[in-house]
Amino acid sequence: MYRRLLILDLNPFHFPLPAIVSILHRLSGIFLVFLIPILLWGLEASLKSEQSFELLKVYLSSPLLRVFLWFLLLSLGFHWIAGLRHILMDLHFGESKRGGKVGAIVVLSLALILAFLLGGMLWNT
Amino acid sequence: MEYLGSLGRTGLFDWLLQRLTALLLAVYALFWVVYFIIQKELNYLHWKNLFIQPEMRFITVLVLLSLLIHAWIGIWIVITDYLKFWFFRYFAFALFLLGFCYCFIFGMSILWGH
């Protein structure tokens, strides 16, 4: 009689940082795609007339839209930073396993700083 | 090998196109960061005069085109990753294709429409 099933109680979930950066890059990208027509609509409103410009300014000052703007700019910023890491890795910088982890930590740190910076800026204007 | 929805004959061309458009978009985004840091108070006149200049309009249209190409390649990757059944996949392609064409025509009308 031999044991056919060997169950080792290893923690089934672990969260490798490069994987987190990768999925956030993808999610921010998807969000940004749906944002394109909204941004264009905003541009149109800002250029059409002085009234629509001022109206847009008032809308963007509302608490709900400040939060939305925060999300928008954070997505853009994160996608930008993670995209830069992608391009650097294409140029063979940080392609090793350790390099990937270090790069992921840098991206997440910068994104965290950006989140606080944006929060400060958007609630002080 | 040509793949439905890809922009180039090989995956390599799409890969390069995505990087090139990314660089253009990255620089354009930085322009706006600098602009909003310098411009403390935004008024309509200043804003309107920025977009009246033909150089600004031309570059913005170019950037919009790059954005849609970059977004298409990206969304192509996501669609082919998650939608395997032909109907859902082609429907998604058609939807985004239509949406992107609308965005481009809309953008042109905003910047060059009068």
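**Close-up views of chain A in a predicted model**

**Figure 1. Overall make-up of chain A.** Of the contacts in chain A with a separation of 6 or more, 78% join residues 24 or more positions apart; contact means heavy atoms within 4.5 Å. This is a predicted model in which local features need pLDDT of at least 70 and side-chain atom pairs count only at pLDDT 80 or more, while totals for chains, interfaces and linings use all residues. Residues are numbered from 1 along each chain as its sequence is written, chains are lettered from A in the order in which they are written, and side-chain values use heavy atoms, with hydrogens and water left out. Chain A has four helices and zero strands, in the order α-α-α-α from the N terminus. Helices (H or I, at least four residues) and strands (E, at least two) are DSSP runs, numbered from the N terminus. The C-alpha atoms of chain A fill a box of roughly 85 × 35 × 25 Å along the principal axes. Buried residues, those under 20% relative accessible area (1.4 Å probe, protein chains only), make up 32% of the 125 residues in chain A.

**Figure 2. Helix 2 and helix 3 of chain A.** Helix 2 (residues 50-61) and helix 3 (residues 63-90) of chain A pack at an angle of about 85°, and their axes are 5 Å apart. Axes are lines fitted to C-alpha atoms, for helices over the stretch in contact, and angles run from 0 to 180 degrees between N-to-C directions. The two helices of chain A are therefore roughly perpendicular, a term for angles of 65 to 115 degrees. From helix 2, Tyr59(A), Leu60(A) and Ser61(A) meet Pro63(A), Leu65(A), Arg66(A) and Leu69(A) of helix 3. By class, this contact has five nonpolar, one polar and one charged residues.

**Figure 3. Helix 1 of chain A against helix 2 of chain B.** Here helix 1 (residues 17-48) of chain A packs with helix 2 (residues 44-52) of chain B at an angle of about 115°, with the axes 9 Å apart. That makes helix 1 of chain A roughly perpendicular to helix 2 of chain B. Leu43(A), Ser46(A), Leu47(A) and Lys48(A) meet Tyr44(B), Trp47(B), Lys48(B) and Phe51(B).

**Figure 4. The loop residue His92(A).** His92(A) is found in the loop between helix 3 and helix 4 (97-122) of chain A. Phi of His92(A) is near 75°, a positive value in a residue other than glycine. His92(A) is exposed (over 50% relative accessible area), at 59%.

Terms used:
Angles under 35 degrees count as roughly parallel, over 145 as roughly antiparallel, 65 to 115 as roughly perpendicular and the rest as oblique. Ala, Val, Leu, Ile, Met, Phe, Trp, Tyr, Cys and Pro count as nonpolar, Asp, Glu, Lys and Arg as charged, and the others, Gly among them, as polar.
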